[in-house]
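Hello,

Here is the structure I promised to pass on. Please have a look before reading my notes.

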Amino acid sequence: MKKKQQIEFVPDSRFQAMGKEAVMVLVYWLAMFIGVMLSAIFLGRGNPADYTYLFGFPLWFTVCIGIMIVGILVGIYLVMRVFQNVSLDAEDPEFDYEKGARR
């Protein structure tokens with residue numbers, strides 16, 4: 001009986017980095033969604049005649065917009081500073097995929 005040749009699997013660092021980034025994006029969007037929804041639910045309940053207004057809008061709406069602006073700024077920071085620019089070309093001469101770093 002012949003033994004099958006075993007090929008050593010070398011994980012591609014691009015996919016490991018993309019997995020980490022995907023988890024960060026998921027946590028980012030869940031945090032924004034929960035923040036906006038909780039502020040809308042807890043600040044927006046009750047009679048609309050009794051709402052507190054800020055800048056002519058109900059307080060819950062103003063807080064939601066503030067959370068969204070902060071979320072957009074955090075998203076820009078993540079894209080510009082945290083996420084890696086990775087080529088999807090398998091033959092990229094500038095990147096050593098086994099080491100996960102630029103040459």
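Below are my notes on the fold, the confidence and one residue.

This is a predicted model: local features need pLDDT of at least 70, side-chain atom pairs count only at pLDDT 80 or more, and totals for chains, interfaces and linings use all residues. Residues are numbered from 1 along each chain as its sequence is written, and side-chain values use heavy atoms, with hydrogens and water left out.

Fold. The chain has two helices and four strands. Their order along the sequence is α-β-β-α-β-β. Helices (H or I, at least four residues) and strands (E, at least two) are DSSP runs, numbered from the N terminus.

Confidence. Mean pLDDT (the predictor's confidence in each residue, from 0 to 100) is 85 for the chain, and 82% of residues reach 70 or more. Helix 2 (residues 59-82) scores highest, at a mean of 95, while strand 4 (residues 101-102) is lowest, at 58. Where pLDDT is low, the predicted coordinates should not be read in detail.

Packing. Of the 103 residues, 21% are buried, meaning under 20% relative accessible area with a 1.4 Å probe, protein chains only. Among contacts (heavy atoms within 4.5 Å) with a separation of 6 or more, 57% join residues 24 or more positions apart.

One residue to check. Glu21 sits in helix 1 (residues 13-43). Leaving aside residues up to four places away in sequence, Glu21 touches Phe83 and Gln84.

Best wishes

Terms used. Buried < 20%, exposed > 50% of the residue type's maximum accessible area, 1.4 Å probe, protein only.
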